[in-house]
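Hi,

Here is the structure I promised to pass on. Have a look at it first, and then read my notes below.

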Amino acid sequence: MSDILSNFLHKFFLPLAPTCIFLFLYLLFTRFWLISVLYAIWWFYDYDTPSQGGHKLPVLCALKVWDYMRDYFPIKLMKTADLDPRHNYVLGFHPHGVLVVGAFANFCTNTTGFTQLFPGITSYLDYIMCNLSFSYRWSKHVEFAASYLLSRQGGGNAVVIAVGGAREALDAHPGTYNVILAEKKGFIKLAMEHGAHLVPVFSFGENEVYDQFENPRGTWLRWIQDHLQSIMGISLPLFHARGVFQYSFGLMPYRKPINTIVGRPIRVEKIEKPTAEELDVLHQLYMDELNNLFEEHKGNYGVDKDTHLNFV
């Protein structure tokens, strides 16, 4: 039951923000209005925190419930090289999957041993923003937060970005390896402007924990999903898996292993205003390194030798 509880907590993180907004407005018109007023005061005082990396509370990252979540799938984190704590890093996480399960477990909690694998490095991934970051408003919040963290002197900061974002979630079907990266250069520019080293990360099994209703490009369903994403900034994949006490249908993820591999760092020199040509060169190098990471490890995780990444 503990692993089921942990996955319920994970699954319901996404609607947490709109639920809190509704509750805030509702309480204003009840005898508990003071709660909303006090929260509004705190919100005003704490307004800049999201653009400065947020509050990272070690006690929450170390909760036992995350161990149950890790063991449910299970989720494992592996490294291919050390990360020097004197530098800052931008970690590109691929693929997004439906709910970025691997990114959350590996980089928002301590359950898979990130701090032991990479001593002196602190990872930052805003779980909610990761799913909302492709509306303009949220992308600016993410950009400000990442810039703040990467501008810190002394190094030791790792900003984790699910590069494919909401659009890639719509392609998260089991057995597929579509990576939306061909035109994604914003994170490359971010790394160059701050001299932060780039690190490709591939999470095998991320697309296996949920099924989606078929939504190939050109269908009415995909048209609606793309249209809603352009309006709201979030995607709405119609996903399903198993139930709590039965295995035929439900919203609980399948118990499929997720193995997240952290690749070798790509050294990046600081260029405050990189040219288009400089961006293209580093972007291609990053794509090559990600592809090499996939090809090097795919055989260990049941991926056919004739299967390759499809960059979109």
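A word on naming before anything else: helices (H or I, at least four residues) and strands (E, at least two) are DSSP runs, numbered from the N terminus. This is a predicted model, and local features need pLDDT of at least 70, side-chain atom pairs count only at pLDDT 80 or more, while totals for chains, interfaces and linings use all residues. Residues are numbered from 1 along each chain as its sequence is written, and side-chain values use heavy atoms, with hydrogens and water left out.

Let's start on the surface. Ile21, Leu25, Leu28, Phe29, Trp33, Leu34, Val37, Leu38 and Ile41 make up a nonpolar patch there, with about 920 Å² of accessible area together. Patches are made of residues with over 30% relative accessible area and no salt bridge; like charges are joined within 9 Å, nonpolar side chains (Val, Leu, Ile, Met, Phe, Trp, Tyr) within 5 Å. The areas come from the Shrake-Rupley method with a 1.4 Å probe, and for residues only the protein chains shown count as cover. Helix 2 (16-27) and helix 3 (33-45) each supply at least two residues of the patch, and helix 3 gives the largest share, five residues. Phe29 sits in the loop between helix 2 and helix 3. Phe29 counts as exposed because its relative accessible area is 75%, the scale being buried under 20%, exposed over 50% and partly exposed in between (1.4 Å probe, protein chains only).

Now the inside. The largest nonpolar core has 37 residues, and those with the most contacts inside it are Met69, Phe73, Tyr89, Leu91, Val101, Phe107 and Ile121. Such a core is a set of buried Ala, Val, Leu, Ile, Met, Phe, Trp, Tyr and Cys residues joined through side-chain atoms within 4.5 Å. Its largest share, five residues, comes from helix 6. Leaving aside neighbours within four places in sequence, Leu91 is in contact (heavy atoms within 4.5 Å) with Phe107, Ala158, Val159, Val160, Ile161, Val199 and Val201. Apart from this core lies another, of 32 residues, including Tyr124, Ala191, Ala196 and Met287.

Strand 4 deserves a look too. Six of its six residues are buried: Asn157, Val159 and Ile161 point one way, and Ala158, Val160 and Ala162 the other way. Strand 4 runs parallel to strand 2, joined by five bridges, with Gly92 opposite Ile161. Strand 3 (residues 122-124) also pairs with strand 4 in the parallel sense, over three bridges, and there Ser123 has Ala158 as its bridge partner. Two strands pair if DSSP finds at least two bridges between them.

Last, the charges. The count comes to 13 salt bridges, each a side-chain nitrogen of Lys or Arg within 4 Å of a carboxyl oxygen of Asp or Glu. Where does Asp171 find its partner? Asp171 bridges to Arg222, with the closest N and O atoms 3.1 Å apart. This pair links distant parts of the chain, 51 residues apart: Asp171 is in the loop between helix 10 (165-169) and strand 5 (178-179), and Arg222 is in helix 12 (residues 220-232). Both Asp171 and Arg222 are buried. Elsewhere, shared partners join Lys64, Asp67, Arg70 and Asp71 into one network of salt bridges. Within it, Arg70 and Asp71 come to 2.9 Å between their closest N and O atoms. Arg70 is partly exposed because its relative accessibility is 23%, and Asp71 is partly exposed at 44%.

Cheers
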